[in-house]
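Visitor: Please take a close look at a single part of this structure. I would like to hear how that part is built and what surrounds it.

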Amino acid sequence: MTTTDDMAIGRDPVTRRRFIKSVIASGAATSAAAYYLAGCSDGSAPASGSVERLITLKVNGQDRRVDILPNETLAMTLRYKLGLTGTKLGCDRGECGACTVLINDVGHNSCSTLTHSVRGRAVTTVEGLEGPNGELHVVQQAMIDELGPQCGFCTPGQVMSAVGLLKANPKPTREEARHAMAGNLCRCGAYDHYLNAVMRAAKSA
Amino acid sequence: MGNFGIGQAVRRVEDKRFLTGAGQYTDDINKPGQLYLHILHSPHAHADISSIDTTAAKAAPGVVGVLTQADLDALGIGDILNLAAPPHKDGRALEVPARPALARGRVRYVGEPVAAVVADTLANAKDAADLIEVDYKELPAVVDIADAAKPGAPLVHGTEAPGNVWTHWQLGDEAATKAAFEKAHKVVKIDLINNRIAPTAMEPRGALAEYDVATERYTLIQGSQGSHKLRDWFAKNILKVPLDKVRVISPDVGGAFGMKNFLFNEPIVAVVASKLYGKPIKWMADRAGSFLNDAHGRDQINHAELALDKDGMFLGLRVSSFGNVGAYLSQFGAAIPTMAGCAMLVGAYRTPAAYVDVRVMMTNTAPVDAYRGAGRPEAAYVMERLVDKASRELGIPAAELRRKNFIRPEDFPYKTALGHKYDSGRYAELMDAAYKRADVAGFETRRAAAKKNGKLRGLGISYYVEACAGGQGEQPHLKFDADGKLTIIIGTQDNGQGHRTVYAQIAADAFGIPIENIVVKQGDTDEVPTGVGTGGSRSIPVGGSAVRATLLKMIEHGKDIASNLLEASAQDIEFDAGAFKIAGTDRKVSLKDVIGASFDDAKRGDVKPGLYAAETYAPAGATFPNGCHICEVDVDAETGELEFVNYTIQDDLGYAMNPLLMEGQIFGGAVQGLGQCLFEHAVYDKETGQLMTGSFMDYTMPRAGNTPRFNYAYTEVPTPNNTLGIKGAGEAGTIGATPAVANAVIDALSAVGVTHIDMPMTGLKIWQAIQSAQSKSAA
């Protein structure tokens, strides 16, 4: 993998922001890279620890080059720099599961994972589950069939937890699935339907 | 009709987007050059502000501006409005306490917005907020109802709320009720606490505001339950500009539950800042901010008395309540403990006399307003716990006592002692069906078996009835494009219910077209001419009936065009199975051809061009969904831990438009209802007024691991009050669940002598109740 290389980015935050925007390969709506940039600097003398580094992340099977801060979370990078807004922030402190992604096939709260810690590891987000011809993942299809989503906000996290569960335990009992999915809050209270979907996906996989 | 019509469990057209991460919620949308707004919240429950020094913050890196209420006042920005005024029983004129977007000289709850920073990044805005120096002079605070009602309690407002009572409202016939109690054989009394709830939509509130100098227009992107209401409030009350100068767009909404109906402080600041600084302004609440400044729910205390004759017939009901509305009146806050729910206190029973009085209390807490059910869950909780208690005190089985007093099928339409006219129902039949499905007959055997395993088993019943889907109408616009695609434009606002699917089902059914050819548009005040929004379980009963009324009008228009094509009188034309026919003949023209002709001046005849219609439909009255919840639980006598064994629901929601979506609404509602009963409590510290439950680690939410699998069935008893016969499903589950679970816990604990426990019935509280009952019996 590419090692981190400190690109000679202009110290002026505006310049830097423009630069970040220019390297974002995503075709999504305008990036919100500014969200997390220019942490606590005055623009001319960045405080220690606030310097971004360009690293390469492996996201959904693609190498993505992105500038990150040392204290930047994976959720921030995915959402505001790579345009992968499928990963949601419900609490930003590892309590609700809406930001769940897979790292080397294991579910993690991306809001509580530092981006630099996932270099060299495979990150899978909800955008990366569809097959080569756009066919839905078996979990996604099962969630349609069982009416998993209601408002849809916790849904990406539910999907990723379910995919992670089935990778680790392809034939869970309903009770096992209940416990495995207990880290994903759903205020619409669609747990019963989500569990039906997990069991359906396990059956059809 | 076919697989996509009314009554089919059609899978949702929304879901592929949500499941692939393509949902677009407020924070997924960004504008070039946007700035970030961060709000400084009050750290005190009650304090005078002698000064706010923003000098250092304004000079901080990346800061574009810092705002306080003085700035908003100088700009002539209006205060947040109140829309509920339950009249005072003594006739005292109500004085609405001012509620500015940012504190004006005094803060009245922890988390109240005090100042705002706009900067190039969120981090810079947050850092600068730390540099704002606010000089607070702390005042005594009061956070709960009982303390607020005490003589000499700290006062949240001045003349607006003497003794912290904003209004003292009453309903019913006091004299008739007094007379009923005087002739009672038995009076059963109960005191209940209806715990305060944080609504906690998974998507926090947010706003993205933009001002266009050329057109002098504001655009606000904000997840809501109805963008038209917000537009109107912003234009008339806040900005004082003509309606066309404000555009509100609600994109995907990540849960709302009543709370996203309201006008809150932060979006006002975002909108004002967008003009002031000439850049789009993004604001997103973080989770702690949501707990602090979302409008909370419930928070009542109720004293209720039921008068019965010697046969167990209800003679009268008397309820005296206190409802906490917080430090300021949110738009409908004062209506929730009063007008919104109290008329449902008599429940499913013939109760000839009833009287309710409610004190609307102000405290140093976040405003309280509608939360899923909005007053009806509180009412159902009072009545169903009271009936259960009466059953125990009189020794009449719960089902028998209910059956005796139920409003019978032949009684409908039934006018209650509290003024509602119930539409339809078969209460006893539904309860019997639920009993059978829950195998209540075998319960005692199961209870004995559970006891051998150290478990206290309990069975709880509720028979809820609620009122919804009345009031204002909805006015959809429907139009066909030349290629046969139908667009339904409607002012309700989906926030998880599946409107795009259900409205499309209704139209697919009528026109005989595939659901894929139908687009539903909501949320943008520039695209949707008018709308009342989503709330009170109204969208499918009222919005659906309005879609139906509009498409019928469209078919009439189509007949005019077909009559020209077929050279026949429009009166002789029928529409069926996707074609316009001359009645009694095989001469017909397809819908597709009529759509084509509608755009063709040569073919359509002397009618308006295009195939479209707009129609207003208002319901004849409210609907009264009802049903029976039966909950069976095991309580571990050693630990107090509760486990669901079985949960049975038998509902009457009128006609089931899409059974799968309806089930989802009921299950989700029930999860929220049992969450209130067992886990959830928004707690303020009595000494400091600090919110103690400001995260998901402190505020216990229902999760997959602590919620039951539901055993669900329904009976369709259509309502005559809307054309589709639908009663509404959005809140029914919440209303039925809370008392059923509570009654199950009390039934389980009755084996060790516990007769009362308040919500939330946490493991700790259950364990304490068991310990205290056992030490009492040992003494």
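This is a predicted model: local features need pLDDT of at least 70, side-chain atom pairs count only at pLDDT 80 or more; totals for chains, interfaces and linings use all residues.

Guide:
**Domains of chain B**

Residues are numbered from 1 along each chain as its sequence is written, while chains are lettered from A and ligands numbered from 1 in the order in which they are written.

Take domain 1 of chain B. Contact means C-beta atoms, placed from the backbone, within 7 Å. By that rule, 15 residues of domain 1 of chain B meet 18 residues of domain 2 of chain B. The domain 1 side comprises 1 nonpolar, 11 polar and 3 charged residues. Here Ala, Val, Leu, Ile, Met, Phe, Trp, Tyr, Cys and Pro count as nonpolar, Asp, Glu, Lys and Arg as charged, and the others, Gly among them, as polar.

Now helix α15 of chain B, residues 499–511. Helices are DSSP runs (H or I, at least four residues), numbered from the N terminus. α15(B) has 13 residues and spans 18 Å from first C-alpha to last, close to the 18 Å expected at 1.5 Å a residue. That expectation is 1.5 Å times one less than the number of residues. 13 of the 13 residues of α15(B) are buried, so the helix is largely enclosed by the rest of the structure. Buried means 20 or more other C-beta atoms within 10 Å of the residue's own, with C-beta atoms placed from the backbone. Just after α15(B), B:Gly512 adopts a positive phi of about 65°.

Terms used
Two residues are in contact if their C-beta atoms, placed from the backbone, lie within 7 Å. Helices (H or I, at least four residues) and strands (E, at least two) are DSSP runs, numbered from the N terminus. A residue is buried if 20 or more other C-beta atoms lie within 10 Å of its own, exposed if 12 or fewer, and partly exposed in between; C-beta atoms are placed from the backbone.
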